[in-house]
Amino acid sequence: MARSFAQMARSAEQGGNSVLVPKVPVERPPLEIHKLGSKELRAPARRISKVDASVRDLARDMLRSMYTAKGIGLAAPQVGVHRQLLVIDLDLEEAATPPLVLINPEITAAGASFNTYEEGCLSIPGVYLDVVRPSVVEVTYRDETGRPRRLKADGLLARCIQHELDHLNGVLFVDRVTDELSLNDGLQQHGFHRSDVQSIR
């Protein structure tokens, strides 16, 4: 990976405009995370034209809600806000490491190799299923200060970016699951409906 998650996080922190919030659950998370079946999850997100204090406030509220739900990534459509904003934190144990905030993210390149890995989603709690994705991606975005950034990611970070960016297009990870038997079983066990999945083949 060109720059590790820790390096990216440190550079964000040095910028002095971090959206760092305590990485602990709060009694009343500021935002409700919508679940599979909600129409909110299927609406495409709009680009953010201006990165201002309101965008940073939304990112902080998303992080508080994400930490409370014990997640590592959250997209704005999951909380009913149809704007192109993602928050990601793979270092939940280290309080001083700031999260990544990706505004208007776009995958500009993907590696030729693919891997299969089990994914879950805060909008489909309890369901964990294998998904095939490119193992390396390059992404451009703006950070919480509005500065343009470019990141080459692999491993869990690459997968998390792809998973969360899907949300901006109304796509959920279960849409990409090819094992129909496991999909049906996983959804049924946790009270979700197969009819709410929009399979991508």
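Good morning. The model is predicted, so local features need pLDDT of at least 70 and side-chain atom pairs count only at pLDDT 80 or more, while totals for chains, interfaces and linings use all residues. Residues are numbered from 1 along each chain as its sequence is written, and side-chain values use heavy atoms, with hydrogens and water left out.

I begin with the whole chain. The protein chain has four helices and seven strands; helices (H or I, at least four residues) and strands (E, at least two) are DSSP runs, numbered from the N terminus. Along the sequence the pattern reads α-α-β-β-β-β-β-β-β-α-α. The radius of gyration, taken over C-alpha atoms, is 16 Å, close to the 17 Å that the globule rule gives for 201 residues, so the chain is as compact as a globular protein of that length. That rule is 2.2 Å times the number of residues to the power 0.38. Buried residues make up 46% of the 201 residues, where buried means under 20% relative accessible area (1.4 Å probe, protein chains only).

I turn now to the sheet. Five strands form an open sheet in the order S1-S2-S3-S6-S7, with antiparallel pairing; two strands pair if DSSP finds at least two bridges between them. Strand S1 (73-75) and strand S7 (148-154) are the edge strands, each pairing on one side only.

What joins S1 to strand S2? Three bridges do, and the two strands run antiparallel. Leu74 has Val87 in S2 as its bridge partner, and Ala75 has Leu86. On the other pairing, S2 and S3 share four bridges, also in the antiparallel sense, and Ile88 is partnered by Leu100 in S3.

In a regular strand the side chains alternate between the two faces of the sheet. Both faces of S2 are covered: Leu85 and Val87 are buried on one side, and Leu86 and Ile88 on the other.

Finally, I consider helix H3, residues 155-168. At 1.5 Å a residue, its 14 residues should span 20 Å, and the end C-alpha atoms are 21 Å apart, which agrees. The expected span is 1.5 Å times one less than the number of residues. How many of the residues of H3 are buried? The count is 12 of 14, so the helix is mostly covered. Among the buried residues are Leu157, Ile161 and Leu168. Just after H3, Gly170 takes a positive phi of about 75 degrees.

Thank you for your attention.

Conventions. Buried means under 20% relative accessible area, exposed over 50%, partly exposed in between (1.4 Å probe, protein chains only).
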